[in-house]
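Trainee: I'd like to learn how to read a model like this one. Can we go through it feature by feature?

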Amino acid sequence: MIVPWVLAWSHAGESPAGYLLGIFISLSLGGLFLAVGLGYTRKPIVRSGMRELFLALLIFWGGIPFLAAIPFVIGGMPIHDGWFEAVSALTTTGGWLSDPAAHATDHDMIYRASLQWLGGLVTLATAGAVFVRPEFTGVAPLVPPFSRGESGSFIRAFDRAVWTFLPVYACITAAGFLCFLFAEVPIVDAATMAMSFLSTGGFVPAAGGILSYSPAAISIAMILMCFGAVNFIVISGLVLSRSSRMRSTQDEETAAFIILLPLMTLLYWLSAGAGDLDLLIPQFYNAVSILSTNGQIIGESPALLPVLVTAVIGGAAVSTAGGVKLMRWLVTIRRTGQELWKLTHPGGVLGKQPHVNELGIWIHALAFTMLLALIVLLTAFFGHPLETSATAAVAVVANAGPLIDLAPQMTADYARFEAPLRGFLGLAMIAGRLELVVFMVMLSRRFWLG
């Protein structure tokens with residue numbers, strides 16, 4: 001909140017009271033918790049298991065949005081609207097109550113983008129420390145150096161993941177910011193887009209979207225979105241020269257991402273009416289944007305169904321993108337092919353054994369489908385058309401908020417949804433970020449008391 005407060009204070013006539021109050025309350029609470037924890041520093045270190053980390057994540061995703069909402073509430077929003085805006089930013093969903101209001105002032109744009117940036121870092125650290133494990137992805141494609149053993153600590157692994165990813169994450173953001181400046185993007189817009197595109201938040205400051213900037217700026221935006229969608233363990237290994245420590249097998253997700261981009265581009269181009277080959281370039285941008293769950297669309301809008309399917313696919317397991325994740329799709333497709341082979345060759349013997357942890361993938365797919373269906377039903381219950389309901393469900397669960405603009409007779413403003421419904425949409429954003437298997441575990445009484 002400090003940088004937005006400085007920006008607000010530097011503009012005559014704009015009150016930074018909301019940021020000041022937020023800074024004071026946040027520092028007071030943080031200092032209180034640190035003071036309480038000081039008495040435990042000399043005690044023997046005990047194993048911090050998954051339960052403790054899940055509790056910490058629950059506190060972060062459930063509590064931090066209320067602190068982050070303070071500037072919005074002091075600025076005149078009801079508390080439930082401020083909470084929705086903060087949740088949308090922290091989960092990198094990027095679905096604002098009022099799109100014009102989100103672009104109204106420089107300090108509010110920087111604040112929203114910085115919340116997205118913070119949420120992206122927490123997402124990366126959580127995925128790298130916990131969700132990359134076979135229990136959640138079905139297969140261990142890459143083993144980072146901070147991956148815990150059975151006798152290790154999930155909290156310690158999370159802490160190491162943060163400090164491993166943070167310098168790389170910050171350097172890529174800074175490089176993107178400088179590149180935007182060289183592309184003649186205004187300084188506030190450059191900072192906003194550098195933070196938002198890397199965290200796959202899809203927040204573009206200009207009212208006319210990314211086309212308001214130069215072709216060079218559009219290219220930089222696509223590169224940042226790709227960085228946000230591919231496996232960040234690989235990126236960190238290359239930057240930190242630790243590729244030998246961070247690679248155990250071939251990175252299948254990045255290869256799948258590269259293969260999907262031209263396929264999705266062609267599909268979007270055909271569904272938008274095809275035409276000149278020059279129209280392929282905007283559709284390539286759209287393919288990068290949707291697959292990385294940034295959610296921004298330029299040029300002719302492709303058909304809604306392939307866009308929603310692409311957003312559900314999502315990015316790599318350890319990335320800031322949302323969706324089901326590429327690794328789960330790869331394992332699912334491989335298993336589907338093996339099952340079809342068995343049906344057509346009942347007497348044959350398969351050459352490959354199934355992955356030991358495939359059950360986690362099927363549970364996640366089932367939970368993802370059930371949550372999508374629930375949000376569709378809830379949205380339709382409030383009187384919205386089926387296409388709008390389906391688009392809203394995919395947008396919030398896959399954390400691709402700007403997608404709602406593609407729904408018939410809709411704009412990018414989530415204020416058109418009723419306040420109770422927005423509460424459910426906000427919870428769906430958090431569920432999408434928590435990984436649905438984890439979200440289901442958190443609802444289990446036996447997990448907390450066992």
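Trainee: Leaving aside its neighbours within four places in sequence, which residues is Ala217 in contact with?

Mentor: Contact means heavy atoms within 4.5 Å. By that rule Ala217 touches Phe180, Ala183 and Val185, once neighbours within four places in sequence are set aside. Before we go on, some ground rules: this is a predicted model, where local features need pLDDT of at least 70, side-chain atom pairs count only at pLDDT 80 or more, and totals for chains, interfaces and linings use all residues. Residues are numbered from 1 along each chain as its sequence is written, and side-chain values use heavy atoms, with hydrogens and water left out.

Trainee: Where is Ala217 found, and is Ala217 buried or exposed?

Mentor: Helices (H or I, at least four residues) are DSSP runs, numbered from the N terminus, as are strands (E, at least two). Ala217 is in helix 11, residues 215–229. Buried means under 20% relative accessible area, exposed over 50%, and partly exposed in between (1.4 Å probe, protein chains only). Ala217 has 0%, so Ala217 is buried.

Trainee: What about the protein chain: how many helices and strands are there?

Mentor: The protein chain has 22 helices and zero strands. Of its 450 residues, 53% are buried.

Trainee: How many aromatic pairs does the structure hold?

Mentor: Rings of Phe, Tyr and Trp (its six-membered ring) pair if their centres lie within 6.5 Å; planes under 30 degrees apart count as stacked, over 60 as edge-to-face and the rest as tilted. The structure holds 11 such pairs. One of them is Phe66 with Trp83, tilted, at 6.4 Å centre to centre and 35° between the planes. That pair links distant parts of the chain, with Phe66 in helix 3 (residues 50–68) and Trp83 in helix 5 (residues 79–90), 17 residues apart. Phe66 is partly exposed at 46%, whereas Trp83 is buried at 11%.

Trainee: Which residues do ring pairs link into a cluster?

Mentor: That cluster joins Trp117, Phe165, Tyr169 and Phe232.
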